[in-house]
Amino acid sequence: MSIVVTGATGHLGRLVVEALLAADVPADGIAAVVRNKEKAAGLVASGVELRVADYDDPETLKGAFRAGDRVLLISGSEVGKRVAQHTAVIEAAKAAGVAQLAYTGVLGGPDADFDLAAEHKVTEQLILDSGLPYTFLRHGWYTENYTENLAPVLEHNAVVAAAGEGRLSAATRADYAAADAAVLTGDGHLNKVYELSGDTTWSFAEYAAELSRQTGRTIAYNNVPADVMLGILTGAGLPEPFAAILVDVDGAIGRGLLAGTSGELARLAGRPTTPLADAVAEALKA
């Protein structure tokens, strides 16, 4: 039996593997499912097992899992392709007889009415239909969605969004990874649903104020209409369908759909979630 992390060369996947190793899981008890072996040099150096497979190639997934494995299905990053990709993983996991299939969905699950949640909701239902023992790890928004894109903010001295006065309970990827690892290593998590989010909420105005405090500049929050935000994102080079999804998420934030503070993330991680000020400070050092 191994703990298997799919998408292990991605931002979240690498952090989950690191969290498992930090929790004293033996490296030879961890299997990293990767699409590109060349990108997995760091994983190889850590001693974990590599299993090369591609979400888009169901045949390769037949060798990715073993009977009794605990599997973390990290959702694919290609919007519009994820249902087919996740279906291939679920079918391979079922055929192998895994002991747990944990899935990184989205905060709110069936109640999330924004476009980005659609494929997550379908995936959860597919897992339920499979009959596999499951754990739904419904992730809220990642703080890095903002702090990793500071260049235009600092260039224009403005945080721009179409979220009004909405608040969100974002947390860092490392916070979510710690919780995901705890579910994969602990007991009592089968057939459970966890709504994961930061301990506190913040608004974009507060985010701009924190950036102002730490940079010594005056950085404003510019709330713009959805169509204007769409034009800004497409003008920056994002494909219009993906830009529209991001604008729709802003609308969800404005409606409070990403502001839940259940405390479950901190409880599973065994520590408070990373404060916004700390995440901003780390990003500004990069």
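Is Gln-100 buried or exposed, judged by its relative accessibility?

## Gln-100 and the basis of the values

Gln-100 counts as buried, because its relative accessibility is 2%, where buried means under 20% relative accessible area, exposed over 50% and partly exposed in between, with a 1.4 Å probe and protein chains only. The model is predicted, so local features need pLDDT of at least 70 and side-chain atom pairs count only at pLDDT 80 or more, while totals for chains, interfaces and linings use all residues. Residues are numbered from 1 along each chain as its sequence is written, and side-chain values use heavy atoms, with hydrogens and water left out.

Gln-100 belongs to strand S5; strands (E, at least two residues) and helices (H or I, at least four) are DSSP runs numbered from the N terminus. Leaving aside neighbours within four places in sequence, Gln-100 is in contact (heavy atoms within 4.5 Å) with residues including Asp-69, Arg-70, Val-71, Pro-133, Thr-135 and His-189.

## Phe-114 in its loop

Phe-114 lies in the loop that runs between strand S5 (100-106) and helix H5 (118-130), and it is buried, with a relative accessible area of 2%. Not counting residues up to four places away in sequence, Phe-114 touches Val-106, Leu-107, Asp-248, Val-249, Ala-252, Leu-257 and Leu-258. Phe-114 and Asp-250 are 136 residues apart in sequence, yet their C-alpha atoms are 9.4 Å apart in space.

## Helix H11

Helix H11 covers residues 240-254, and its 15 residues should span 21 Å at 1.5 Å a residue, which agrees with the 21 Å between its end C-alpha atoms; the expected span is 1.5 Å times one less than the number of residues. Its buried residues are Ala-243, Ile-245, Val-247, Val-249, Asp-250, Ala-252 and Ile-253, and what covers them includes helix H6 (144-147), strand S7 (158-161), strand S8 (167-168), helix H9 (204-215) and helix H10 (226-235). Just after H11, Gly-256 takes a positive phi of about 80°.

## The pairing of H4 and H5

The axes of helix H4 (residues 82-96) and H5 come within 10 Å and cross at roughly 20°, the axes being lines fitted to C-alpha atoms over the stretch in contact, with angles from 0 to 180 degrees between N-to-C directions. H4 and H5 are therefore roughly parallel to each other, a term for angles under 35 degrees. Among the residues that meet across this pair are Val-83, His-86 and Ile-90 in H4, and Val-122, Leu-126 and Ile-127 in H5.

Methods:
Parallel < 35°, antiparallel > 145°, perpendicular 65-115°, else oblique.
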